[in-house]
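Please look through the sequence and the three-dimensional structure shown below before reading on.

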Amino acid sequence: MSQQRLPPDTGPEHAGALPEYAERVLDVAERIPPGRVMTYGDVAEWLEEGGPRQVGRVMALYGGAVPWWRVVRADGVLLPGHELRALGHYRAEGTPLKEASRAADGHLPRLEMKRARWDGSGHADGGGRAEGGGRAGGRGRGLPPSDVPPCDP
């Protein structure tokens, strides 16, 4: 597996604290309304920093404390290895799904991206782009427990 590069604030000197970039990614994940999703690339674009792989890496390392199932692959495929957990969240939140045909492997639905995708506007927080700088003090997030699903951008 190739080394994925995160922005410079994620180096070893920041090992005891959540990196600023990770805080910003997690802030965006928390803003996504129930029943809606953003792709890894959407999050990076919204932040105007990094790319889908960097966002996926942050979600894999730190995403357990936020609604991880709302940051998804662009093709709408459910997170491999965690499909049933994610599907439970999607159904509970009313996220638009495309039901799989009987011929589909595992008969698992996909996200209906045209209807489920959120552009980051019109949220109760006021929408708009995330401001630089992360939260002061964070929210006590640390590494997720070992059963938190890794993300595959």
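## How the helices pack

In this predicted model, the helices α1 and α3 pack at an angle of about 85 degrees, and their axes lie 10 Å apart. Angles from 65 to 115 degrees count as roughly perpendicular, and α1 and α3 are therefore roughly perpendicular to each other. On the side of α1 the contact is made by Y21, A22, V25, L26 and A29, while α3 contributes Q54, V55, V58, M59 and Y62. Sorted by class, the contact of α1 with α3 has 9 nonpolar residues, 1 polar residue and no charged residues.

A second pair can be described in the same terms. The helices α2 and α3 pack at an angle of about 105 degrees, with 8 Å between their axes, and they too are therefore roughly perpendicular to each other. Here Y40, G41, V43 and A44 of α2 meet P52, V55, G56 and M59 of α3. By class, this contact of α2 with α3 holds 6 nonpolar residues, 2 polar residues and no charged residues. The table sets out the two pairs.

| Helix pair | Angle | Distance between axes |
|---|---|---|
| α1 and α3 | about 85 degrees | 10 Å |
| α2 and α3 | about 105 degrees | 8 Å |

Helix α3 takes part in the contact with α1 and in the contact with α2. Which residues of α3 are buried? They are Q54, V55, G56, V58, M59 and Y62, and what covers these buried residues includes α1, α2 and β2.

## The chain as a whole

The protein chain has 5 helices and 4 strands, which follow one another along the sequence in the pattern α-β-α-α-β-α-β-β-α. Of its 153 residues, 43% are buried.

## The largest nonpolar core

The largest nonpolar core has 34 residues, and those with the most contacts inside it are V25, V43, V55, M59, V71, Y90 and L111. The elements that give two or more residues to this core are α1 (20-31), α2 (40-47), α3 (52-62), β2 (71-72), α4 (83-93) and α5 (113-116). Among these, α1 gives the most, with 6 residues.

One of the core residues with the most contacts is L111. Leaving aside its neighbours within four places in sequence, L111 is in contact with V37, V72, G76, L78, Y90, T95, P96, L97 and K98.

After α4 comes G94, which has a positive phi near 75 degrees.

M113 is found in helix α5. With a relative accessible area of 11%, M113 is buried, since buried means under 20%. Not counting residues up to four places away in sequence, M113 touches V37, T39, V72, R73, A74, D75 and G76. M113 and M38 are 75 residues apart in sequence, and their C-alpha atoms are 9.0 Å apart in space.

V66 is found in the loop between α3 and β2, and at 5% relative accessibility V66 counts as buried. From C-alpha to C-alpha, V66 and A29 are 6.6 Å apart in space, although 37 residues separate their positions in sequence.

E48 has its place in the loop between α2 and α3. Most residues other than glycine have a negative phi. E48 is not a glycine, yet its phi is positive, at about 60 degrees. With a relative accessible area of 62%, E48 is exposed, the cut-off for exposed being over 50%.

Notes: Residues are numbered from 1 along each chain as its sequence is written. This is a predicted model: local features need pLDDT of at least 70, side-chain atom pairs count only at pLDDT 80 or more; totals for chains, interfaces and linings use all residues. Side-chain values use heavy atoms; hydrogens and water are left out. A nonpolar core is a set of buried Ala, Val, Leu, Ile, Met, Phe, Trp, Tyr and Cys residues joined through side-chain atoms within 4.5 Å. Buried means under 20% relative accessible area, exposed over 50%, partly exposed in between (1.4 Å probe, protein chains only). Contact means heavy atoms within 4.5 Å. Axes are lines fitted to C-alpha atoms, for helices over the stretch in contact, and angles run from 0 to 180 degrees between N-to-C directions. Angles under 35 degrees count as roughly parallel, over 145 as roughly antiparallel, 65 to 115 as roughly perpendicular and the rest as oblique. Ala, Val, Leu, Ile, Met, Phe, Trp, Tyr, Cys and Pro count as nonpolar, Asp, Glu, Lys and Arg as charged, and the others, Gly among them, as polar.
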